[in-house]
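Take a look at the model below.

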Amino acid sequence: MQTKRAGMRWFTPYLYVLPCVLLLGIFVYIPVVSNFYYSTLNFSAFSPTKTFVGLENYKTLLTDPVVRTALMNNIWYCIISVVCQVGLSLCIAAVLEDKLLRRVSTVLRTVYFMPTLISVTVIALLFSFVYHPKIGLINQGLKAIGLKSLTHAWTGSTDSAIFSVIAMSQWHAMGYTMMLFIVAIQGIPQDLYEAAEIDGAGRLRRFIHVTLPQVRETAFVTMVTTVTGAFLAFNDVYILTGGGPGDSSTTLAVYMYKNGFALDKMGYASVIAVVMFVICMLLALVQKVIFRTGKGD
């Protein structure tokens, strides 16, 4: 009825969304469906023929020890990223929006957000010097304060390489999620804080009972993007450690890349991509159920 009143034909609204649908179909949905098909094949990038193997690639994946290591690394990546990029960023945003820091909050926001503007490649090269076992900033600092026994080959040891990469990633990404929370907090009506203050609520109680419920939608968005990013982590790991030493810091994305472009196992790389896609989808659905976004209180 509205289209008739506006003098438009029934198909006119669909023409406006058609370019978006075509772009999504060509660059998102068709590749996703195609990848499921490719995961049932054995082939290389330049092979003229493809051999159908059914679920054989999936069976290989279930017994692959590197996949278990990569999955565990991604889980650590996910847990630490949620704690830092969601929990800690929200706390920092709340502190910066407090009345006590209003005069310096602009400067602090700029300082915290600055690392986000730097390229991941530059960040990784910078931290390769920070983590250097001989001239690195961390080890030199530990020696300067008399803690030489704590010096470590941070990216050259199997027990610390992945955590070194994760720490670098948090430093790089926290400023972005912090700004998202700051925008959400600035949109909260001040009447709510004033009413809570009149009722005798301190800063902590105002944060728990006013700020947290009001930023729930933003928290859901940052949680989904953070968890998804943790299971798709590639740049930080590949540039800083290359997945090494050995496969100790390998993630699913790095292992997929190595199988696809280094070992030329495109079928097996497609299986890893399917696993990553399924994990991200399931985690997004779980988070949506937990946060119950879009529903009225």
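Which helices do the buried residues of helix 10 pack against? They pack against helix 4 (65–96), helix 8 (161–186) and helix 9 (190–198). Packing here rests on contact, meaning heavy atoms within 4.5 Å. Helices are DSSP runs (H or I, at least four residues), numbered from the N terminus.

This is a predicted model, in which local features need pLDDT of at least 70, side-chain atom pairs count only at pLDDT 80 or more, and totals for chains, interfaces and linings use all residues. Residues are numbered from 1 along each chain as its sequence is written, and side-chain values use heavy atoms, with hydrogens and water left out.

**Helix 10**

Helix 10 spans residues 203–214, twelve residues in total. From first C-alpha to last it reaches 15 Å, close to the 16 Å expected at 1.5 Å a residue. The expected span is 1.5 Å times one less than the number of residues. Its buried residues are R206, F207, V210 and T211. They sit on the same side of helix 10, because they cover an arc of only 120 degrees around the axis. That arc is taken from the directions from the helix axis to the C-beta atoms. The face turned away from the buried side carries the exposed residues L204, R205 and H209. Buried means under 20% relative accessible area, exposed over 50%, and partly exposed in between (1.4 Å probe, protein chains only).

**Helix 6 and helix 8**

The axes of helix 6 (residues 120–130) and helix 8 come within 11 Å and cross at roughly 135 degrees. So helix 6 is oblique to helix 8. Oblique covers what is left after roughly parallel (under 35 degrees), roughly antiparallel (over 145) and roughly perpendicular (65 to 115). Axes are lines fitted to C-alpha atoms, for helices over the stretch in contact, and angles run from 0 to 180 degrees between N-to-C directions. V120, I123, A124 and F127 in helix 6 meet M168, W171 and H172 in helix 8.

H172 lies in helix 8. M276 lies in helix 14 (residues 266–291). Both rows below give relative accessibility.

| Residue | Relative accessibility |
|---|---|
| H172 | 13%, buried |
| M276 | 7%, buried |

Beyond its neighbours within four places in sequence, H172 is in contact with P115, T116, I118, V120 and I123. Not counting residues up to four places away in sequence, M276 touches F231, L232, L252, A253 and M256.

Methods. Helix = DSSP H or I, 4+ residues; strand = E, 2+ residues; numbered from the N terminus.
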